[in-house]
Amino acid sequence: MSARNRELLGLIPASLLVTAGFAGVFIQRSNALSNASLTYGALFLGLCIAAHIFIRFTLPRADPYMFPLVAVLASFGLVMVYRINPTLARQQAQWFVLGLILFAATIILLRDYRKLERYRYIIVLISLGLLVLPRLPGIGYSANGAYLGVRIPGLFVFQPAEFAKIGLVIFLASYLRDTRQVLVQGGRRFLGITFPPLKQFGPVVVIWGLAMATLVVLSDTGSSVMFYGGLLAMLYVATNRLSFVVIGLIAAGIGFWYLGTHIPHIHARVETWLHPLNPTLYHAPLGSYQVANSIFAQAAGGLFGQGFGQAQLTLPGGGPLLPFPQTDMIYAVITDELGLFGAVAVLITYLLFVARGFKVALLARDSFSTLLAVGLSAMFALQVFVIVGGVTRVIPLTGVTLPFISYGGSSIVANLVLLALLLLVSDRARRPE
Amino acid sequence: MNAPIARLFGVVILLFALLVLFTSRWTVFEASSLNNNTLNVRTLLDELKIKRGRILAADGTVLAKSVPAPGNTWSRTYPTGRLFSQPVGFSIAAKSEAIGLEDSAGADLRGIQTGLSSIFGQLSPRPVGDDVYTTLDPKGQRAAIQALAGMHGSVVALDPSTGAVKVMYANPGYDNNNPPSSNSTTDTTFNRVTQGHYAPGSTFKIVTATAAIDSGMYTPNSVINGNSPITVSGVPLANDGGKSWGPQTLTTAMTYSINTIFAQVAEHVGRGTMTDYMKRFGFYSKPPLDYPSFQLAISQPYVTPTRAYPPASRDEDIGRIGIGEGGLLVTPLQMAMVASAVADGGTLMTPHLIDRVVDQDGRTVRTTNPTVYSHVMKSSTAAEVTRMMEKVVEEGTGTAVQLGGISVAGKTGTAQIGPNGSNLTQPAFVAFAPADHPKIAIAVMIDESNGGFGGSVAAPIAKTVLQTLLADGA
């Protein structure tokens, strides 16, 4: 079977999921099956088939599993967001359409994505500029002490970090392709450890510094961890030097330790991470209420969950029982309603997507393509880890979105562009010489 | 660059394994401790979403029902308010507070499902509990509240043949739609019928007479010297008004409530036998009522209001206990059980408030079958004690309760309370009717009266309630 036919078949589970999901929510809501669930399923399937036909013509050799996996995640996300707030789901569907348009635009404009290398410094400057936008007075806004978004009143709200991550990966892939040989050969051994040459390593250090600055200036721990982890992953693949990664981790460890103990907002996050069930912290403003209720919600889910639409999200008085259920906490809602099994199914879907991303990297025939695919996949995996790890108390909770599932236009659009880039790399890699 | 990519993927797998591990930790390994954490309000909110069943009187009057509250929750409302607040109690799910039947019948009212029904129950959009039909009689209850006329005291009536509680009312009470705070001076959730400790006074002579006759040591015609005073446990004991009655039968001693005779009888019967009969009547243990255990008090002799004598203790003044003094403290419910046992030919039926539980489809889930709590005495003894109690109402201290046409068997009690020389009494009246075919056993106990007697203060209240219940075909 050709790759594209496999992709088409792969879309069937996604549309079944969205139909069944909406049916479930409707049954729960009105105790009657509305044919709207079929309409939603059909519309979603129509969109996916349109995208599939587009891929069929433009990237016939691209990986056949990535798009269906994304469709499964996005349809699942749509159902979850619908269950939490139907209005938001409608917006989310609109963002999905816009995302697909940008997805198509990326594929058409970047047929030869390697020309991106020419603009790497422009790209990195734009990315860094995007990162500081939320701090600008007038358009920037903050949530929970972190500067995460940009608001242009009356027009739109967006989270620049979602786009900046793609720009940074493109820059690093290009930069490391140029310097990887020098980084390895020019390294000096000291005390049995290979240290990279400063000259070539300089820009990498700059990125490290910027990631830390992002953290300090924007208090956006989640993005900071994601960027830095992505950087280390790409550096490791580019140089095959574990010592670089270890040095990087130690440097980051010192940085995080310092910030965790000296910046009140980050310190508070660490405290609520360590002691979420402490009654004083629980009742404190910006305390552990969110983290504690995240694990309470997961406990309520158990092995099989309470069922679609059964999770308790608000207090009878109207206040939130689980704050930010549609964004930060959506994984807790999934676990509450679908249990450990549902949550693990979601994680496996992500893992499969990341595995396909790494597969693209393995097949790529030039270093830039490989590093680009590795960087995008690693960044994607780290984003999942940062938010799910935060919700499950593996690490302190920081606000990044759960890709394709959380409510949020920037996230869904940026991740569809990320998918477009991976498919572009994949198609080129499989193209006969 | 292939090897590092493979290793990097290994790291990603490890990170995701960590996520799965922690998700399992919360959903499985630590789930129950998290579910029970005091900070976790989910269990409480689930409770609020349950539509608890109704509580109804025997005639179908609704005593408690659920009404919709904001946020898909339910709250409780009590249409009859303070009239039934003591047996019904209240439930405030948001505070995890419940007393009365709202607590003791909680499992039925919430409709806790088990096994298969809980699996199918998940399909139903809203959990609904079962209705609880009680044995309570609204007319009797209303008669009690009117007859007490604001006086602090308790009225409790049972059906001797089944143990069904017909009336349970006490003053002061409270409106269960609006439970009083603990420092309220006018209202209380304290249920005197089951929690109140009264000095039974001469009403206890029913127990003493039962022990005396059933043990074979006395007959109703045994003659005992009724002179006053006599020395009991080294302390002089006098009859009411210091009257010396001379030799009298046990029946006459009962009719006119002669203390000195009953004190001698109790001493002669002895602590062991007296304690044995008291236990058969239900003393020394919490009454077996379908009511919250924390709202049931034990009737027995007490050294201090909070410290009881061990059963058959040598320190007890059994002579005074035999006339309802000597530190003996009883609940009105216990005294109604005493009357009930005599009325039912010596068999004490287990008292109960719940008649049956009916689900939302009208199917009866459970019916309370009358059960025997204990065989207190031979039926011949019961007949003899009944005859003695009839005489009390016919010509003795309890004439105020005569119903005309219906014979009543009863016993008055007028315990002296307060310091020596004070005029304060606790009037009590324990009875059943009709004497030949008893349908109602009743105990009326008044907290405090300024010189009033059981026959003058408590007996008229018993009469009103008995008349109402018997007219109602009880």
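I count two strands as paired if DSSP finds at least two bridges between them. The model is predicted, so I keep that in mind throughout.

Strand β13 (residues 300–304) of chain B is joined to β14(B) by two bridges, in the antiparallel sense. Across that pair I see Tyr302(B) opposite Ala308(B).

Entry, strand β6 of chain B. Which way do its residues point? From β6 (residues 131–134), Asp131(B) and Tyr133(B) point one way, Val132(B) and Thr134(B) the other, and all are buried. I then looked for partners. Strand β1 (residues 55–56) of chain B pairs with β6(B) in the parallel sense over two bridges, and Leu56(B) stands opposite Tyr133(B). Strand β17 (residues 354–358) of chain B runs antiparallel to β6(B), with four bridges; here Asp131(B) faces Val358(B).

Entry, the contact between the chains. How many residues does each chain bring? I get 43 from chain A and 35 from chain B. On the chain A side, α8 (221–239), α11 (279–283), α12 (289–301), α13 (330–363) and α14 (367–391) each supply at least two residues. The largest share, twelve residues, comes from α13(A). By class, I list this side of chain A as 29 nonpolar, 13 polar and one charged.

Technical notes:
Residues numbered from 1 in each chain as written. Chains lettered and ligands numbered in written order. Predicted model: local features only at pLDDT ≥ 70, side-chain atom pairs only at ≥ 80, totals over all residues. Contact = placed C-beta atoms within 7 Å. Nonpolar A, V, L, I, M, F, W, Y, C, P; charged D, E, K, R; others polar. Buried ≥ 20, exposed ≤ 12 C-beta atoms within 10 Å, placed from the backbone.
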